[in-house]
Amino acid sequence: MSIAITEVRNAASLQADNLRMDVEINHPDYGWIPYTLDPADTDTTIDNTAVMALIGSNFTAFSQADADAREASRVRFKRDNILTTVVDPIVSNPLRWADLTTAKQGEWTTYRTALLDITDQAGFPHSVTWPQEPTS
C-alpha cells in the first residue's frame with residue numbers, strides 16, 4: 001500500500017549528490033511530519049520518487065559545515081547522555097562516591113574528563129575515540 005504525498009516543505013540535501021534529503025511531508029493521516037529520503041530505503045509505503053519530484057530543485061543545498069554541525073550535535077548528545085545516565089549518578093552521589101576506592105575514584109574522574117574533552121579530539125566530530133567506562 002502506497003501513501004500519496006502531495007505536499008512537501010523545508011527540503012534539505014544531506015549529501016553532495018542530493019540523493020539523500022531531509023524534508024517535511026504532509027502525511028494524509030498525521031499532517032506535517034519529518035521524513036528522510038534515502039536511496040537505500042526499501043520501504044515502499046511512501047513513494048520516494050514521487051516525493052523527490054515534488055521537491056524538484058526547491059531544497060537547501062548540501063553544506064559540509066551543516067553536516068559537520070549535525071554530526072557534532074549527535075556526538076555531544078551521546079556524550080551528554082553518558083554523563084547524565086552513567087557518570088553523574090556515581091560521581092554526584094556522595095554515598096556512592098565514598099564507597100569507591102581512591103583508585104576507582106581516579107578512574108571515574110579520568111573517564112568523566114575524557115568524555116568532556118571529546119570535542120577537543122583532532123578528528124572531532126567525524127572520528128571520535130570514546131573512552132572506556134571504568135568497571136564497577
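# A guided tour of the predicted model

The whole structure holds six salt bridges, a salt bridge being a side-chain nitrogen of Lys or Arg within 4 Å of a carboxyl oxygen of Asp or Glu. Some of them are stops on this tour. The model is predicted, and local features need pLDDT of at least 70, side-chain atom pairs count only at pLDDT 80 or more, and totals for chains, interfaces and linings use all residues. Residues are numbered from 1 along each chain as its sequence is written, and side-chain values use heavy atoms, with hydrogens and water left out.

**Stop 1: helix H2**

Select residues 64-91, which form helix H2. Helices (H or I, at least four residues) and strands (E, at least two) are DSSP runs, numbered from the N terminus. The expected span of a helix is 1.5 Å times one less than its number of residues.

Now centre the view on Leu-83, where H2 bends by about 35 degrees. The bend at a residue is the angle between axes fitted to the seven residues ending there and the seven starting there.

Next, display the side chains of Ala-67, Glu-71, Ala-72, Val-75, Arg-79, Ile-82, Leu-83, Val-87 and Ile-90, which are buried in H2. Buried means under 20% relative accessible area, exposed over 50%, and partly exposed in between (1.4 Å probe, protein chains only). Helix H3 (94-99) and helix H4 (102-116) are among the elements that cover these buried residues.

**Stop 2**

Select Arg-74 and Glu-71, whose side chains meet in a salt bridge at 2.6 Å, N to O. Both residues lie in helix H2, three residues apart, about one turn of the helix. Arg-74 is partly exposed, with a relative accessible area of 47%.

Move on to Asp-80 and Arg-79, a salt bridge in which the closest N and O atoms are 2.7 Å apart. Are these two residues buried or partly exposed? Asp-80 is partly exposed at 36% relative accessible area, whereas Arg-79 is buried at 11%.

Then select Arg-112 and Asp-88, a salt bridge with its closest N and O atoms 3.8 Å apart. This pair links distant parts of the chain, with Arg-112 in helix H4 and Asp-88 in helix H2, 24 residues apart. Arg-112 is partly exposed at 32% relative accessible area, and Asp-88 is partly exposed at 25%.

**Stop 3: an aromatic pair in H4**

Stay with helix H4 and select Trp-108 and Tyr-111, which lie three residues apart, about one turn of the helix. The structure holds one aromatic pair, and Trp-108 and Tyr-111 form it edge-to-face, 5.8 Å centre to centre with 80 degrees between the planes. Rings of Phe, Tyr and Trp (its six-membered ring) pair if their centres lie within 6.5 Å; planes under 30 degrees apart count as stacked, over 60 as edge-to-face and the rest as tilted. Trp-108 is buried at 2% relative accessibility, and Tyr-111 is buried at 5%.

**Stop 4: the nonpolar cores**

A nonpolar core is a set of buried Ala, Val, Leu, Ile, Met, Phe, Trp, Tyr and Cys residues joined through side-chain atoms within 4.5 Å. In soluble globular proteins, nonpolar side chains tend to be buried together.

Select Ile-3, Ile-5, Ala-11, Met-21, Val-23, Ile-25, Tyr-35, Leu-37, Ile-46, Val-51 and Ile-55, the eleven residues of the largest nonpolar core. Strand E2 (21-27), strand E3 (31-37) and helix H1 (48-55) each give two or more residues to this core. Which element provides the largest share? That element is E2, with three residues.

Ile-55 touches Val-8, Ala-11, Met-21, Val-23 and Leu-37, not counting residues up to four places away in sequence; contact means heavy atoms within 4.5 Å. A second, separate core of seven residues includes Ile-82, Leu-83, Ile-90 and Leu-115.

**Stop 5: backbone details**

Select Asn-10 in strand E1 (residues 8-13). Its phi is near 55 degrees, a positive value in a residue other than glycine, and Asn-10 counts as exposed at 54% relative accessibility.

Asn-18, in the loop between E1 and E2, has a positive phi of about 60 degrees although it is not a glycine.

Finally, go to the segment after H4, where Pro-125 is found. A cis peptide bond joins Phe-124 and Pro-125, with omega about 5 degrees.
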